[in-house]
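Colleague: I have this protein on my screen and some questions about its parts. Can you take me through them?

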Amino acid sequence: MTKSPSFEKAEAFADLPYCRLRRQFDLNGMHKPGDMILGGLFEVHYTSVFPDLTFTSEPNQLVCQGFDLAGFRHAMTMAFAIDEINRNISLLPNVTLGYSLYDNCATLVIGFSAALSMVSGQQEQFLQQEKCLGTPPVLGIVGDSFSTFSIATSDVIGLFKLPIVSYFATCSCLSDRQRFPSFFRTIPSDGFQVRAVIQILKHFRWSWVGLLVSDDDYGLHVARSFQSDLTRSGGGCLAYLEILPWGYNPGELTQVVEVMKKSTARVVIVFAHQIHMIQLMEEVVKQNLTGLQWIASEAWTAAAVLQTTELMPYLGGTLGIAIRRGEIPGLRDFLLGLHPDLHEISNRNSLVRQFWEYTFQCRFAPAPTGWVEGGGLLCTGEEELGRVQTEFLDVSNLRPEYNIYKAVYALAHALDEMLHCVPGRGPFDEHRCATLESLKPWQLMHYLQQVNFTTAFGDEVSFDENGDALPIYDIMNWLWLPDGRTKVQNVGEVKGSSFRDATVSLQHELSSRDPENSMECTSCPEDFWSSPQRDHCVPKKTEFLSYHEPLGICLTAASLLGTVISAVVLGIFIHHRSTPVVRANNSELSFLLLVSLKLCFLCSLLFIGRPRLWTCQLRHAAFGISFVLCVSCILVKTMVVLAVFRASKPGGGATLKWFGAVQQRGTVLVWVAFVPAYINSPVEMKRTEVEEGGRVMADITGTLGLFFTLITLFVSSSTSFNAPTCKLWRKFQLNEMHEPGDVLLGFRHAMTMAFAVQEINKNPDLLPNLTLGYRLYDNCGALVVGFSGALALASGQEEAFALQEGCAGSPPVLGISDLAQSGQGCLAYLEVLPWDGDLSENRRIVHMIKESTARVLMVFAHEFHMIHLMEEVVRQKVTGLQWLASEAWTGAAVLQTPDFMPYLNGTLGIAIRRGEITGLRDFLLRIRPGQSSNNTSYDMVQQFWEYSFQCKFGASGSAEACTGEMNIQQVDAEFLDVSNLRPEYNIYKAVYALAHALDDMLQCEPGRGPFSGGSCADIHKLEPWQFVHYLQHVNFTTTFGDQVSFDENGDVLPIYDIVNWQWLPNGRTQVQNVGEVKRSPSRGEELQIHEDKIFWNFESNKPPQSVCSESCPPGTRMSTKKGQPVCCFDCLPCSEGEISNTTDSMECTSCPEDFWSSPQRDHCVPKKTEFLSYHEPLGICLTAASLLGTVISALCWASSSIIALCFLCSLLFIGRPRLWTCQLRHAAFGISFVLCVSCIL
């Protein structure tokens, strides 16, 4: 009877022994059996110690240190919730939940190991079965506490669609459902937390703040969203943004605190973890930085480790965003009932045992060596927990615990809904229900997404489409009490809903009206005016010229006197109106002129005295009418005279008819009509008077200008006029969608590895008698796909495989390598480019670039980031920048287009080292489909073939069928271009490094090997860590001449090419190699650059100036601007007597004695001796007078020799000064003069 294949396979498996896990992790944990198991990840230890890695023996496990009572309470909260659910007859009846809780030790590798253990199980041995049925080892995981850990865990666990419900990971990036499809959380995301902080800033009117973030996903995502949200909300500006390092870095922390100290911002927002704050505050205390208002993120708001007597003088008054506080009845009793059982006592990895030993400072038997001898106590397990003063039992402020409690209940409610499914009415294909016997994790996710319940504390629990819970935060305030204790007081809350954004509710509510930062000014109401500070309106003060003031009295007297004189003259003219003199003087206009002149004098009285409504309305109108009438009369009289001048010439009599009485009256009326009076409104009296006064003066000036122009014409025409002559008193002088990477180039990278493996197999000197194979996977530019490929490489992809004795054999893949690079500088700004190409965010970033004075722009990003950024750069036309490219986009041909090159021309970039790979092009030409053992639609070569020739294997109908015989030279020429091999050269070196490590391992002589007892590695029982030992010691030289070796960190000797983008006249782009930068063990870092080969995209074709402040020339000193980076400074001139003789001097130095500073303050010059010489006229006169006075004193007053001495002393002040004359002059003159005056007195 012939056996069926399945029977033969089962029989073969039955004959095989049990198989062990490839790696079992030594993890701290606690477990409870049940029908269904939930997993948990908690930070029960807050640090770990990495072992020394020599790879000559199997590396030790990491050692966890620093027991965290709060972290253990978190784990016990999950245990309590499961115990409570098991006792609840209405939730999951007839089903018992169990748990597997692990400690992540605040270390990613441990948390990641624990997650993998929960997914795959921890059994040391298991029997391979033909069908793997039953529930997974765990149905869901509660955790992790860190965003970075949750991201890494979700990336991998998400491949299995296993639900993860975090209670503390807040990174907004975790809301990306495409990347994290199985992630849920019961804590609000940072996106909401950022908006909550901004609401607090606006509430207290804080518009100038500093931001500190941790150097991880949590902090960097906050930095990006905070800047964009703050700008969008108009709530303020960032004074600085600093990144707190992971790991203790005193130098960097010192720099951060110095930036805070120099800044004028008094509010500091910190999105970081407890460990960051502990290290930061040590430096704050060291520099004694006080006077700051701290705002804490939820990660450290409740950190008791920071509430110490040393730190509270600095942190007192801190405002913090805290996780919602809840109440969990029965939790304290559950914690008090905790006791280690026999299994936990015997298991050193038991969290309960570790807690017991930490709390009671004892050790379970067998105790460590020397413990008892040193006076240490032995634990019995019967110690009473209630007698210990411990933070572990404090359940008055349950925040993370409440989120854990909600997470466990969410999973339980999802399981309960699943078990209540009615067959035939289920949500899955053909309306089926999920069963415990065949449960898939993604089926539980369906129910978890639909969860909606209310806790006993009254909070609703449900998840939106991104797996986020309804957000709510408490606002806390740190109070330092007089007795030295610290109280964290709840002062408000901030929450959101499906219909509203973040809203703040604070106790002792302040006014919501913000008087600061107004975008516009508002007008004061009628009869009010702005205060001197322009911050409120005050009643208008009536200011006027009183009749009682001296000026008012003088003006009133002058007005009345002018009125009387005008009236007297008018009376005389009227009395003699029939005389030839009055008639010859144009009597009608003369009368009108005198009346208007009298009115002008009277109008001035309207401007004196307290203003009334009728005076305000009349003053300008009356004065305007009377004044214009007066000037109009004078103008008409002038025009008449001018007409007479013209009429005196032959043929000029005809013009005189236009200046009769009717015409004269019409001229006056037209003049008055075109220069109207002004009616003033008292509503804006102060402002209107100024404006109308200006208009009146403009009209007057224009009138006088025209008047004097006519006078000038009159003078020029008056040479033949016989009337009484007159002369001028004064003559006036009036005067795409883009893919993550190129398809063909990515395939060429894969083929380079295939070529290198083939070349090694042909090399008789390298790995003789051994054939290398390969497995190449496409990551599709997606992290989740890349993780899937990595797991497939690590565990193998066979659906069923024969197990060898003891599961021995080489691991499927032996190694993976990585590379990173960064830079330094004085930054004008630091912006984070969004992954999703957010248009508004890119617009904000480009606007920042445009506003900055920095002309050099460094971009460490990927091609698709640059495409989105450049689209906005082109839209805003931001030119005049010198771009510096990281290696990630230096060779990006997709950016070298006619649209972008006007902006990117002249770019300098760091490029991967170019190399040559002989024979690669011929290898690429020989590629044919069907060469791979994997002849499926996923075959990389087959996909390349269909893409390149636009055909389809096995096509039917109108689609063109692929034959596999097409000429590959018809493919895009870029695929076959091997003249610029950069990533390919690195791949080539990586393959050869692995091959050389294998070769060295195979050359090992037994008894002289590097491992214990001089043993060598066996290729048939090879452990990965043994291979790492040989890879660490690889050292070879490529055919291109480059040395390949790794340092203690696994980094190769670094070398980069420096390239320059040049846009040629024919429209093509040339990437020119202009130098290199490298590091060698002997010379350190070296930069070689050929500036003559560089094209600069500026009119000067020279490197641009990109400085915050120009260099300070000699004669000045640098003075750093307060709150600005060290690159921003003022250049202050040196004081007299001080100099600086170098550029960018930090201080000026004093000149030595007998020297003085030059006028430029850049060097010292000898002091110039200025004195009164005997040869100068003044010196001669004073000498003569002194000698004459001496002689006269001696002759006339023989007894008055003191007077003679006074005259002689004046000679000491004349001539080149000597030391003795300088010392003697004042003393001698003073003594003699005082004696002389004394004698006179």
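Modeller: Start with the record. The UniProt annotation "transmembrane region", from an unreviewed entry, covers residues 550-574, 589-609, 621-646, 700-721 and 1187-1215. UniProt positions are given in the numbering used here, feature names are shortened, and annotations may be inferred rather than shown by experiment. This is a predicted model: local features need pLDDT of at least 70, side-chain atom pairs count only at pLDDT 80 or more, and totals for chains, interfaces and linings use all residues. Residues are numbered from 1 along each chain as its sequence is written, and side-chain values use heavy atoms, with hydrogens and water left out.

Colleague: How far apart are the end C-alpha atoms over residues 550-574?

Modeller: Helices here are DSSP runs of H or I, at least four residues; strands are runs of E, at least two; both are numbered from the N terminus. Residues 550-574 are 100% helix and 0% strand. Their end C-alpha atoms lie apart by 36 Å.

Colleague: And over residues 589-609, how far apart are the end C-alpha atoms?

Modeller: This stretch is 71% helix and 0% strand. The distance between its end C-alpha atoms is 33 Å.

Colleague: In the open sheet of 6 strands, which strands stand at the edges?

Modeller: Strands pair if DSSP finds at least two bridges between them. The order is β2-β6-β3-β8-β9-β10, with mixed pairing. Each edge strand has a single partner, so one side of each is left without a neighbour in the sheet. Those strands are β2 (29-32) and β10 (183-185).

Colleague: Which residue of β6 is the bridge partner of F42?

Modeller: Strand β3 (residues 36-42) and strand β6 (residues 97-103) pair in the parallel sense over 7 bridges. The partner of F42 in β6 is D103.

Colleague: What angle does helix α4 make with β9?

Modeller: Helix α4 (residues 147-157) packs on the sheet, touching β9 (164-166) and β10. Contact means heavy atoms within 4.5 Å. Axes are lines fitted to C-alpha atoms, for helices over the stretch in contact, and angles run from 0 to 180 degrees between N-to-C directions. The value for α4 and β9 is about 165°.

Colleague: How many residues of β15 are buried?

Modeller: Buried means under 20% relative accessible area, exposed over 50%, partly exposed in between (1.4 Å probe, protein chains only). L319, I321 and I323 point one way from β15, G320 and A322 the other way, and all are buried. For strand β15 (residues 319-323) the count is 5 of 5.

Colleague: Which residue of β20 stands opposite L319?

Modeller: On the parallel side, 2 bridges join strand β14 (residues 293-296) to β15, and I295 stands opposite L319. Strand β20 (residues 472-480) pairs with β15 in the antiparallel sense over 5 bridges. There, L319 faces N477.

Colleague: Why is β27 largely enclosed by the rest of the structure?

Modeller: Parallel strand β26 (residues 882-885) is joined to β27 by 2 bridges. Strand β30 (residues 1055-1063) pairs with β27 in the antiparallel sense over 5 bridges. β27 (residues 908-912) is largely enclosed because its buried residues number 4 of the 5.

Colleague: Which side chain of opposite charge is nearest to K406?

Modeller: K406 lies in helix α13 (residues 400-419). K406 is buried yet has no salt bridge, that is, a side-chain nitrogen of Lys or Arg within 4 Å of a carboxyl oxygen of Asp or Glu. Lys and Arg count as positive, Asp and Glu as negative; His and the chain ends are not counted. The nearest side chain of opposite charge, at 4.9 Å, is D459.
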